[in-house]
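Open the model in your viewer and keep the selection panel at hand. The tour below goes from one selection to the next.

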Amino acid sequence: MNYTKTKLTEFIQHLSHDVEDEKKAEEYISNAIPFIGLIIIYFNSLESSLDAILCENFTDRTDSTGLIVLNTMGFSAKIDLLKRFCDDFQFSLDKELEGYERLINDLRESTRLRNLVAHTNWESTNEEGYAFVRLKMSKKGMKQEYVQFTEESLQKIIELILRTRVNLNDFWENRNNILYDRKNT
């Protein structure tokens, strides 16, 4: 699913952003602020859920062992650790768990989108909702990358993060049911 639109502009001598209607741009940002906050809050909850699941994988007696390992890990590294644990578990079962690939993809996409939202230069937002996210450099020169965040696209990001958290917990419950030979109830 495509959550945002992107456009590139040529970098010309100084990093600057064309904002013709500052009042409309400010209104755009004001409307986006609650969505931005919810994305950060819900993503942090998703990360806490992932941390709890990873800690449980080390031992169910205490979180301290897992927290020692996770302490300085970024979210992407935590996804990779979850993937390694799940790959090993599935290998031992000789079976792929339902929803596994989708979950890993959604975790990665949630991370990518959260990072876009959190690291965007929101003050560069123009009247169409395009905000500067990064300078792209290649042998073809430098380009300024802008992403358009609409209320609809920000809401879809929130929905992805919330859905991913539910799917993560459901996935882990299913995994535990298999591990402990419990019937799904």
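This is a predicted model: local features need pLDDT of at least 70, side-chain atom pairs count only at pLDDT 80 or more; totals for chains, interfaces and linings use all residues.

pLDDT is the predictor's confidence in each residue, on a scale from 0 to 100. The chain average is 87, and 91% of the residues score at least 70. Select strand 1 (residues 5-10): among the elements of the chain, its mean pLDDT is the lowest, at 73. Then select helix 4 (residues 100-119), which has the highest mean, 96.

Next, the aromatic rings. The count of aromatic pairs is five. Select phenylalanine 43 and phenylalanine 75, one of these pairs: the ring centres are 4.7 Å apart and the planes are at 55°, so the pair is tilted. Phenylalanine 43 belongs to helix 1 (residues 22-58) and phenylalanine 75 to helix 3 (residues 75-93); the two are 32 residues apart, and the pair links distant parts of the chain. Phenylalanine 43 and phenylalanine 75 are both buried.

Move on to phenylalanine 58 and phenylalanine 85. Their ring centres lie 5.6 Å apart with the planes at 85°, which makes the pair edge-to-face, since angles over 60 degrees count as such. Here too distant parts of the chain are linked: phenylalanine 58 is in helix 1 and phenylalanine 85 in helix 3, 27 residues apart.

Last, select phenylalanine 89 and arginine 175. The charged end of arginine 175 sits over the ring of phenylalanine 89, 5.0 Å from the ring centre.

Definitions and conventions:
Residues are numbered from 1 along each chain as its sequence is written. Side-chain values use heavy atoms; hydrogens and water are left out. Rings of Phe, Tyr and Trp (its six-membered ring) pair if their centres lie within 6.5 Å; planes under 30 degrees apart count as stacked, over 60 as edge-to-face and the rest as tilted. Helices (H or I, at least four residues) and strands (E, at least two) are DSSP runs, numbered from the N terminus. Buried means under 20% relative accessible area, exposed over 50%, partly exposed in between (1.4 Å probe, protein chains only). A charge sits over a ring if NZ of Lys or CZ of Arg is within 6 Å of the ring centre and within 35 degrees of the ring normal.
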